[in-house]
Structure formats: C-alpha cells, structure tokens
There are 2 protein chains.
Amino acid sequence: MAESPITARGSDFAAWYQDVVLQGDLAEPAEIVKGCMVIKPNGYAVWELLQRELDDRFKAAGHQNVYFPLLIPQSFLHKEAEHVEGFAPELAVVTIAGGKQLEEPYVIRPTSETIVGHFFSKWIQSWRDLPVLVNQWANVLRWELRTRMFLRTTEFLWQEGHTAHATHEEALAEVLRILDIYADVAENVMAMPVIRGIKTQSEKFAGALRSYSIEAMMQNGLALQAGTSHDLGQNFGKAFGVQFQNQQGRLDYVWQTSWGVSTRLIGGLVMSHSDDNGLVLPPKLAPTRAVLVPIYRKEEERGRVLEAAHRMAAAVGAKVDTREGLTPGAKFFHWERRGVPVVLELGPRDLNAGSIVLKRRDTGVKEAVPQAELSARLAAVLAAMQADLYRAARARLESNTVLANSLEEVESLLGEVTAEKGGGRFVMAHLKNDPMCDARLKEFKATVRCIPLADAWDGPGKCILTGEPVERRVVIAKAY
Amino acid sequence: MAESPITARGSDFAAWYQDVVLQGDLAEPAEIVKGCMVIKPNGYAVWELLQRELDDRFKAAGHQNVYFPLLIPQSFLHKEAEHVEGFAPELAVVTIAGGKQLEEPYVIRPTSETIVGHFFSKWIQSWRDLPVLVNQWANVLRWELRTRMFLRTTEFLWQEGHTAHATHEEALAEVLRILDIYADVAENVMAMPVIRGIKTQSEKFAGALRSYSIEAMMQNGLALQAGTSHDLGQNFGKAFGVQFQNQQGRLDYVWQTSWGVSTRLIGGLVMSHSDDNGLVLPPKLAPTRAVLVPIYRKEEERGRVLEAAHRMAAAVGAKVDTREGLTPGAKFFHWERRGVPVVLELGPRDLNAGSIVLKRRDTGVKEAVPQAELSARLAAVLAAMQADLYRAARARLESNTVLANSLEEVESLLGEVTAEKGGGRFVMAHLKNDPMCDARLKEFKATVRCIPLADAWDGPGKCILTGEPVERRVVIAKAY
C-alpha cells in the first residue's frame, strides 16, 4: 500500500488516529462487514506481545485457559434481567444453520457470563470444587452503531476471565487482584498511566453488583476505559443455579467475577504515544525493537557495509533492511511509521570511524555510538524510551486533571471537548453515585469515568448536584 | 467431577475415546449448543503447546499472523462455484443484528478464502507486493450432523494460512513446505506418524485445484486426516479479481494457497497413544511433564517428606501434589487419567535410601532412582517415552498396512470395519483418480485417503476398477 501523509494531531485528532493505524500497518477497516476491521501484521504482533504479558500474569495467579462455544442459546441471556437489557440491542443472531431455520436462535457471544454460568452449575457441587479460576482468549461481537478501529468495533478480540468463589470476600479480592494486573500491564508494559476505580451504578456492567475499571487519558484528553473487572455477586449464580455445599453443609450460591481487556488496548497505545510522524511503540510492545538500515552508494561499498551490518545486527537482535530499490530515506520513513523504537544507520563513513548511528523514534535524537558499545547503549536507550514514554504520559495526565466545584464549572471545562478537536481533561468533582447525577452529565456528553480507589485529592465533600455528602471526588471526562 | 471407569478400547473404541477425553479433563460436550464442546484446562493447555510448535515454524518460514472478520457477506461464498457448493450445506447464517433484519445476511466463516480473496485484491497490485504470506488463529463453524469431541465439532479452533504468489511453481513450493511443517509437528512433536499425499479430485477442498494432506492411523485402524494444504490455483484470484502486474508489465491473477490444522489434532493425539487407563501424552505436548506425590502416614513424617519433595520437584520442574484429604493412590489415579508422563513418589523409606521412585505413564514401569541422578534420569525417561510412542505408532501403522489387488479384496478387508469395533487398516491398491472410483468405495463407506507423495510400494499398476494404468497405489481406509 502506498504511504500517504499523516494528518497532524492538532488539526484533526480522529483523522490523525486513523492515519497512524493505517500507515502503521496495525489494521484497516473491513467496510464489507459492518464495523469490523482486519488486524494487520504489525497490529497482530503487538496483540501477541500484550497477550503474552497478560497470560503469564493470569497463569501465575492460578488461572487456567479454557474455551467456551461462540454461540449461546438466546434464552440464556434472558435468565439475568439486567444482562439481557444491557446486551439485547447489540446482539447478532443466528437463525439459520445447516440449511434449516433454527427452532431456538443462537446469539453470537457479546460476552460469556451466561454460558459460563451454565457450565459452572455442572462443575461446582461442593466448596471443594472452589475456587474455579478460568480465562478464555476469544472473539466477541457487539453490534455497535459508531465504530472506530480498535476502540470500538463490532467484532473484537479479548480475554474474558470467569471465576467462582465460596465467599463474597474472596470474589472481591479476585476482582482487585485482576485490576492490579491490568494496571501493571497498562503502566509498566504499555507505558500508559491509569486510574483504578469503581464505575457508578449507571455505568457498571449489565448484571454486575459492581464494576471496577482502569481509565487512561489519551493525548486529546479523552478518557479510555482500558480494562474492567466485575464483582458479579450471586446474580449469575442465582440465574443459572450455581449452588454448592459450603463447609457447614448448607447449600449456597457461588460468588462470581468476570474481567476483560481487548484489542481496544492497542487503540489506547496508539493514542498515548504516537506523534505526527506516525506510530510510536514502547519498546516492550514493539514486535521489532531495532532495524539497521545499511547505507552505500557505490557497488564496492556494498559488500563491506552489508557484512558489518549483518554482524552487528545479529549481535543485538536487530533486523537488517536489505530491500533493494529503496533509498535509505524511504526505509527510515517506513520504519518510523511502523513505530520501531530504534533505527540504526551504518555506512562507509561509520565503518571507518568504528561507530554506528542510533536514532530513537520518540525523540528523533541521533547519536554516533562506538561499535563495541552498541549492545549496552541500545539496551539503555530502549529502557530510557520505555521510562520516558511513561513519564510523559503521566505528566500529561496530571497536568490535564483539574478540580471543579459546580456543575457549571464541569460543563465549562468539558462542554466543548470533542475527540477531533481535543482539549479534554479529567475533571475531579464531588458527585453522588446515583443514575440521576450521571444523567445530568450526559446532557453535555460527559460521563463519570470512575470513583477512584485511592483519594489523591481533598477527601470528602458535598455532591455538586444534590448537596449530599460523598466520600471523595470522582473522575468526570469525555470518553471513547 | 467424579471419576468413573474408562471403557476398554477392545469393547467399544468410541466409548473409550469419549471416556478418555472426559476423564483427561480435555473437553466436555456442550449439549446446549449443537455439536459444540467446551475445551477444558488440560485440553486447552495441550492446544497452546501445539500452537507454539506450529506458530514458531510458520514464522520461521516467513509468515505473519493477522486477523480477518468472523462474518462473511453471504454473496462472497457464491463467487467461487465449487466453494459454495461444498460449504453451503454447513453454514450458520446471521440474519438479525442490532435488533434489525439484515439486508444481506452474513455467514459465520466455515473457512476464510473468500474474505481473504477480497482483501488480497486490495493489497496486491504488483509483483513487488508478492508473496503475501499470512496466517490466522481463529474459530470457524461448520454445521455438521454427526459430531465427536475434537474430531468433528460444529465450532472448532484452527489456524488457516493464506498465501498469494506470482507463479504456480512458487505456490506449489509453499503448499509442500507447509505439508512438511505439518508432518514434522505430527511426527516429531505429537509422535504420530503420517503419510503425505494428494487427495483425489472428489476429496479435495471445495475450490482448490489440488489438496494435499497428512493422514494418520488411529489405534482402531481408522484414518484421520490431520492437516491439509491446498493449491488453490488462480480460482479465488479470478473470483475476487486479485490481479497484479508481473515483471513483464502484464496483468495476471495471483496463485494462492491455503492450509490448516485444527483442534482435531488433539483427537488424533488421544487415539494414537492413550490406553485403558486413560490419557497418554507425549512429553513434548504434556502441560505437566512430571508430578511428585509425597507419601507419609504419620504427622512427624510430613514435614520431612514435604521439604524434600518441594526441593527435588523444584530442581526438575515437577509439580508437587500437596492436596490434603486424598490418598496417594487417588493422586496416582488422578494424574494417570490426565496423561502426565512421569509420576514421582517420595516417602520416608525413599528418603532413608536416598532415592525417589519414578513411574512412566505409557509402560507403567517403576524404578527407584538415586536422588542425585533424578534430573538426568527424568530427562532420559521423557526422551525415551517420546521416541517409544512414535515407534509404537509407526509399527502399528506399518503392520496394519496391506496390499490389495481387487475391489473384492479391498471390500473384504474394510467392509466390516467400524470406529467402535476397530480392525481398520490402510489398504494399498492401484486406483484411478476419478470420482467414479471414489464412489464405488463409498458403497462400503471407505475412502481414498490420499495418493502418497512417495512410493514405498511396488510402483505403477492397473486400476482395480477401470484397468487403466496408474502411477502408484493409493491409501484406502475407513476414516473419521
């Protein structure tokens, strides 16, 4: 595909995002399937790295991977009243199979709590069977009206964890353990700072007692819900009859949790670090960490440069771009757009000087490094880049977080914000966890992102809408 | 789940298979979704090991992973006449989404050649864009009438590779390269010997020019098609307008391949090695290679045994079964059914003797090993088991392969064979690659499994049905 210019962030953030995703070989819209995308090689490779980071942590915490069917009998969704209300408008329904009209249609899973509930009821009889800690990597489908690649697509890839416990206390500990894993991967792998919090009752998962989330701030100041962990209480246990005999010999319903992150994270990654030259990837999620571009003009330089290039690249695990018929400039441009953290340049002059040029993607800074020191310097530059990207994102989050003490103030701070124009912020205000309060914010398209778990601000105060006392300020923002 | 007896292979092979799968914690039927299963933790862990082995080889051969949409516009399937004829009867169709009847229904992918063809036509313009070598790990759906866990389920997990090339020669080299990767994984990882061959015209993939497969023999003598690699010719290129400008500046259609293996391989693994005591896994595909069961009767022995157990297990990467309230016998039984290759036993007497008992799953042989030699001995036993399982399966394949020189002979060898009773074989006969010939075999439910790539038998001969000369004997068998 030909490479075209990238829209500047400042002129149209949404167009910039689309350009970065396309030119970064991350994905492209699949216009022939409503709201879907094709995940391209660079995008899928980032997803594989993210999967590995997450999966290792889930397994270390005792979870096992399994796989449940894609199709769910339609009646299953109706067993939990809030759940069906939340998901019914977004379902894709299979009504014909094997050439025949089905007696009971199937829905394509929008999430799997219902089918998991069915199987938990078969697997769990006694406290000895608990906890059950399973996870699946799967595709799900939600028929969304407005879609954007990675951020909201009708089909997306995710992991969904499902656990069952003997007590509410244990389930809650699991919910928070997973929230910590999500925050750890977001901050220490994606270099994307997040706020951990509780969703308000009107923003919680359909069927949960309470939902927890991590919320990140994109470069345009909009919030992105980057992962959720749900305390399902006994809601699905009761809907699907998941009962167990407890240690006292009495029958009780299990306490369940569910939690997920999806390919949406890749959208968050793009909008956290990329720039007007295209994709910027933190080194820990870069499928290719370094590429070496050999430079030669005359045929007699070629052999010498290529020999040294391959030798040095092999020593540091870099890829050599040996493509013929492309200028070095075209190669630099190519790797820049794909977010490769470090590009190395090696030409006859560098060879004579015993050095090699190293260019860092985020800062654009070039330096000549003695060849003997390349390995150590490359490792140091990658580590510095990982840390700097996090620091920059953290500084942006902090400088765009402001306090507000009235609804008017919140509206004046957020009312004009759009995904395209940017200017978003996290507005911290005292607000009651009541659907009436959420509804007022919706008038200017803002939402409560979460009630933070930790109070980094000024403690209790009076709700800006009802005047009732609330424990702490909540995060209000415009969001994806 | 309570553990029940396993049916003997000799009395009912099909019931035995189902018991091994259930008791081995590999999968269970999802009776509420027609023909589907839940892949349980042990089964999914085997799949993850298989994925790793395959994926590493695909990537080493230059393939990149991508992800295409689950849903395909129904009209796409009609663009390739043979393809739609082959798959139409098995489709699941989405007719409602987002609460509305769809103008054009979508089918859930039974395989992705059509949607891949659509995108290849967007991605490929010039010979410089070729080859395109992509693969996806995905779920697919085929509405089958008779299903068996892993072997044939309406939904299954697989990988599907799709490539486009400038010449037929290159495409054919790719088809065979992949067939070799499949055979390598089957033989050297799964310990399952296979025959590489070409499918007859009536058994080829719907839409392919020619299909290649690897065929394995199960313990009941039935054949299992374990992987296929298709030479698609220019069929999909023409159907989807995938044209490129070749080096001579002329427009041409690309030459495509597609290839896949699925969770069916796990069924093949079970039916290759397992026994009347349950699952037997080759060490390379065992999620847990060794478990140590500590043995103590008196409370004062407990600490000493457990301390040594954890120390020794950690040194060799074994898991320690510390579950309380279970006898050592119950633990041995538990791990045996799950196919753990080696179980270690350690009690006070072993401690006093400075030894540890090692039991190998496939032979049941126990030996006392000096503790200092455990690591080396365990590695040697695992390697021997991997090699022995392959040798045994190879010997079975060879001793159950017979020649036949007439249709009557073929029928008398295969006519009475069933999956339940066993007694199957590979019957080698000269047969023309002609749908009329395949049809005659179907009268007694046998099929041509493949025309082997290499001739290990007696060369050319006359077709047992038409009398026409054919190059070599084909493999005829009853199959899953």
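In chain A, helix α9 passes helix α12 in a right-handed crossing; a crossing counts as right-handed if the near helix is turned clockwise from the far one by less than a right angle, and as left-handed if anticlockwise. The structure is a predicted model, in which local features need pLDDT of at least 70 and side-chain atom pairs count only at pLDDT 80 or more, while totals for chains, interfaces and linings use all residues. Residues are numbered from 1 along each chain as its sequence is written, and chains are lettered from A and ligands numbered from 1 in the order in which they are written.

Two packed helices are described by the angle between their axes and the distance between the axes. For α9(A) (residues 299–316) and α12(A) (residues 374–399), the axes come within 9 Å and cross at roughly 55°. Axes here are lines fitted to C-alpha atoms, for helices over the stretch in contact, and angles run from 0 to 180 degrees between N-to-C directions. Helices (H or I, at least four residues) and strands (E, at least two) are DSSP runs, numbered from the N terminus. The two helices α9(A) and α12(A) are therefore oblique to each other, given that angles under 35 degrees count as roughly parallel, over 145 as roughly antiparallel, 65 to 115 as roughly perpendicular and the rest as oblique. At the crossing, M312(A), A315(A) and V316(A) of α9(A) meet L374(A), S375(A) and L378(A) of α12(A), where contact requires C-beta atoms, placed from the backbone, to lie within 7 Å. This contact has five nonpolar residues, one polar residue and no charged residues; Ala, Val, Leu, Ile, Met, Phe, Trp, Tyr, Cys and Pro count as nonpolar, Asp, Glu, Lys and Arg as charged, and the others, Gly among them, as polar.

The crossing of α9(B) and α12(B) is right-handed. From α9(B), the residues M312(B), A315(B) and V316(B) meet L374(B), S375(B) and L378(B) in α12(B), a contact made up of five nonpolar, one polar and no charged residues.

In chain B, five strands form an open sheet with mixed pairing, in the order β16-β15-β17-β18-β19; strands pair if DSSP finds at least two bridges between them. Its edge strands, each pairing on one side only, are β16(B) (319–320) and β19(B) (366–370). Within this sheet, β17(B) (residues 342–346) and β18(B) (residues 355–360) run antiparallel and are joined by four bridges, with L344(B) opposite L358(B) in β18(B). Helix α9(B) lies across β15 (290–294), β16, β17 and β18 of chain B and runs at about 170° to β15(B). Helix α10(B) (residues 328–337) packs on the sheet as well, touching β15 and β17 of chain B, and its direction makes about 170° with that of β15(B).

Two bridges connect β3(A) and β7(A) (residues 132–141) in the parallel sense, and Q64(A) stands opposite V134(A) in β7(A).

Chain A is divided into domain 1 (13–273), domain 2 (288–388) and domain 3 (401–477), with bounds from an automatic or database domain assignment. The centres of domain 1 and domain 3 of chain A, taken over C-alpha atoms, are separated by 26 Å. Between these domains, 18 residues of domain 1 are in contact with 20 residues of domain 3. On the domain 1 side, α1 (13–23), β9 (194–198) and β10 (210–217) of chain A each give two or more residues, and β9(A) gives the most, with four. That side has seven nonpolar, seven polar and four charged residues.

Between the chains, 39 residues of chain B are in contact with 39 residues of chain A. On the side of chain B that touches chain A, β5(B) gives the most, with six residues, and the classes are 28 nonpolar, seven polar and four charged residues. Strand β5(A) (residues 92–97) and β5(B) pair in the antiparallel sense over five bridges; in β5(B), A97(B) is the bridge partner of A92(A).

Definitions and conventions: Contact = placed C-beta atoms within 7 Å.
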